[in-house]
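Subject: Structure handover

Hello,

Here is the structure I promised to pass on. Please have it open while you read the notes below it.

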Amino acid sequence: MKLFIPTIITACLVPLQVFAFPHLSPQALQGLLKRGPGAKSCPFGHDSSHKKEKRAVGFDPVAQYVSTTGQHAFVPPNLAAGDKRGPCPGLNALANHGYLPHNGIAPMTTIIEAVTQAYGMALDLAAFLAVYGTVFNGDSLSLTPGYSIGGPSYVGPSLGGALGGLGILRTPSGLTGSHNNYEADTSATRGDLYVVGNNDLLQIENFQKYYDALLENTPAPEQYSALFKFRQGRFNDSIATNPYFFFPQFAGVLVAPAGYAFPPAFMANRSAQYPSGYLSRENLKSFFAVWGQSGAFSYQAGHERIPDNFYKRAIGDEYGIANFNLDVLQFALQDPRLLSVGGNTGTTNSFTGIDPSALTNGVFNGATLAEGNNLQCFIYQLIQAEAPGLLTGVYGDLTKALQPLMENLKGNMEGLGCPQLMGVDESLYEKYPGYMKAKGV
């Protein structure tokens, strides 16, 4: 299986250039393309055992240094004046350091460049997440397609005019308004929306559990492995406390694990001693805007900060879709519920999963979902099938608005050998109050 990074760029950026970003030059696209890792193969093929292979990672203090001075000095947001900060601490920190616009409303291409430049995210993963966020929670038909990393906001002039014509038909939700389509329950540090009343503010109790579970003086990959019990515990917390708990295919099965995998992957500091990274508890506090001593933490919303003397992932060791899939499966193979689309049915402790075979008319089944490329195929094709219904009434020209996402998904699935999904029985979601509530029903 190949990562098809050139296909991804062609698929996700060129359509936006042609249809909604005409001033982005081919040279700019090539510049983004050159930031990719250029990987030729993926360890997530049909014969993979889903075990991570250890390989030598070097350390280059010049190439990996991330500036936190000058134009990238920390500047806190003015939330009262409208600066946007949201549920993703990594994006909040980038806005506070000038890698993203300080107001938190960013063009898609800027988001891609920021996460690759400051964190060492591979281009395939950066592009997929940015395109998805733009289509679902921003405006893919804007002259500057992108989204707010926090609450609702326009991102720029929309083709066909704002609130009418063929453009966006309502104010884009931003990531804070993305419950069940991008953000989901079981977050590592945030609370469940229908339990605490918000999904963007850190909950000290959850952060304390993360802090306690984070092994000290340990390489980042091993730190991630040790987070399994914490991740499993947060899943159990949602089942036990949230009658509206819902775990959808993308936001739940695929994105919720990022809250556990991304800090060791992107917030761990690289050094000669720890070339694969080490996430200290002090740096965890900095990235999550937490102060004070263990047991008496305080939190200042929106003040996430990249630590000084921070070094990102090594060049050539960027973290992409293949890495993330392996991290997701590492935990799911220990607790298969983490791959279960489903939720509570109106009372606590009533979690009921949906049979993938029933959902996909027999194309996928739960027994083989963790095998080969099945998980990727399952998630990608469910997004393809369900996106039009989820975005009905959001765009005047839905086909054009969805095109960047559909082309991106097509590029990501190329070479995976995915079975053909003919349809999805979305009526199976209707027994979950959390799904219906987020949908506005």
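What follows is a short account of what was found in it.

First, the ground rules. This is a predicted model, in which local features need pLDDT of at least 70 and side-chain atom pairs count only at pLDDT 80 or more, while totals for chains, interfaces and linings use all residues. Residues are numbered from 1 along each chain as its sequence is written, and side-chain values use heavy atoms, with hydrogens and water left out.

**The disulfide**

The structure holds one disulfide, meaning a pair of cysteine sulfur atoms within 2.5 Å. In general, such a link is a covalent bond between the sulfur atoms of two cysteines. Here Cys377 is joined to Cys418, with 2.0 Å from S to S. The pair links distant parts of the chain, 41 residues apart. Cys377 sits in helix α16 (residues 374-390). Cys418 sits in the loop between α17 (398-413) and α18 (433-439). Helices here are DSSP runs of H or I with at least four residues, strands are runs of E with at least two, and both are numbered from the N terminus. The torsion about the S-S bond is about -80°, so the disulfide is left-handed.

Cys418 is partly exposed, at 24%. The cut-offs: buried is under 20% relative accessible area, exposed is over 50%, and partly exposed is in between (1.4 Å probe, protein chains only).

Asn374 also lies in α16. Asn374 is buried, with a relative accessible area of 19%. Leaving out residues up to four places away in sequence, Asn374 touches Phe364, Thr368 and Leu369; contact means heavy atoms within 4.5 Å. Asn374 and Gly417 are 43 residues apart along the chain, and their C-alpha atoms are separated by 9.1 Å.

**A helix pair and its sheet**

Helix α5 (residues 108-119) and helix α6 (residues 123-137) have axes that come within 9 Å and cross at roughly 145°. Axes are lines fitted to C-alpha atoms, for helices over the stretch in contact, and angles run from 0 to 180 degrees between N-to-C directions. Met108, Ile111, Ile112, Val115 and Thr116 in α5 meet residues of α6, among them Leu123, Ala126 and Val131.

Which strands make the open sheet here, and in what order? Three strands do, in the order β2-β4-β3, with antiparallel pairing. Two strands pair if DSSP finds at least two bridges between them. The edge strands are β2 (105-107) and β3 (138-139). Two bridges join β3 to β4 (residues 146-148). In β4, Gly146 is the bridge partner of Asp139. Helix α5 packs on the sheet, touching β2 and β4, and its direction makes about 90° with that of β2.

**A further sheet**

Another open sheet has three strands in the order β5-β9-β10, paired antiparallel. At its edges are β5 (246-247) and β10 (352-353). Strand β9 (residues 342-343) pairs with β5 over two bridges. Phe247 has Gly342 in β9 as its bridge partner.

Best wishes
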